[in-house]
Amino acid sequence: MFVRIRNLREDHDLSQKVVAEYLQVHQTTYSDYELGNLNIPAELLMKLALYYQTSTDYLLGLTDEQKPYPRSKTL
């Protein structure tokens, strides 16, 4: 998982600071997420999936399919 969030960030030419600001966490906290030193809370994982237009399953390494699932009508 940690490699995927770093790779997605780098693929989008974003700094850790930019993503951390989007998630409303400190840059060092986001860095710890990428390094695997901290677990990412579910709500932030969902925000990252929406931001990168992928699924939480992809971020978690449960699938290699980067394309997101169809969105729920309740969102």
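Start at Thr54 and show its side chain: the side chain reaches the backbone oxygen of Gln66 at 2.6 Å. This is a predicted model. Thr54 is found in the loop between helix 4 and helix 5. Buried or exposed? Thr54 is buried, at a relative accessible area of 6%, because buried means under 20%. Now display the neighbours. Leaving aside residues up to four places away in sequence, Thr54 touches Leu8, Ala49, Leu59, Gln66 and Pro68.

Step to Ser55. Ser55 sits in the loop between helix 4 (42-52) and helix 5 (56-60). Its relative accessibility is 4%, so Ser55 counts as buried. Which backbone atom lies 3.0 Å from a polar atom of the Ser55 side chain? Select Tyr58: the atom is its backbone nitrogen. Then bring up the contacts of Ser55. With residues up to four places away in sequence not counted, they are Ala49, Thr63, Glu65, Gln66, Pro68 and Tyr69. Keep Ala49, Gln66 and Pro68 on screen. Ser55 touches these three, and Thr54 touches them too.

Next, select helix 2, residues 16-23. Colour its buried residues: Gln16, Val19, Ala20 and Leu23. Look down the helix axis. The buried residues fall within an arc of 100 degrees, so they line one face of helix 2. Which residues are exposed on the other side of helix 2? Pick out Lys17 and Glu21 there.

What do the buried residues of helix 2 pack against? Show helix 1 (2-11), helix 3 (27-35) and helix 4; the buried residues pack against these.

Now move past the end of helix 2. Gln24 follows the helix. Check its backbone torsions. The phi of Gln24 is positive, near 60 degrees.

Last stop: Pro41. Find it in the loop between helix 3 and helix 4. How does its accessibility read? Pro41 has a relative accessible area of 33% and is partly exposed. That class covers values between the buried limit of 20% and the exposed limit of 50%. Pro41 and Tyr30 are eleven residues apart along the chain. Their C-alpha atoms are separated by 11 Å.

Thr54 is buried, Ser55 is buried, and Pro41 is partly exposed.

Note on methods
Residues are numbered from 1 along each chain as its sequence is written. This is a predicted model: local features need pLDDT of at least 70, side-chain atom pairs count only at pLDDT 80 or more; totals for chains, interfaces and linings use all residues. Side-chain values use heavy atoms; hydrogens and water are left out. Helices (H or I, at least four residues) and strands (E, at least two) are DSSP runs, numbered from the N terminus. Buried means under 20% relative accessible area, exposed over 50%, partly exposed in between (1.4 Å probe, protein chains only). A polar contact is a pair of N or O atoms within 3.5 Å; within protein, one must be able to donate a hydrogen and the other to accept it, and residues adjacent in sequence count only if both atoms are side-chain atoms. Contact means heavy atoms within 4.5 Å. The arc is that of the directions from the helix axis to the C-beta atoms.
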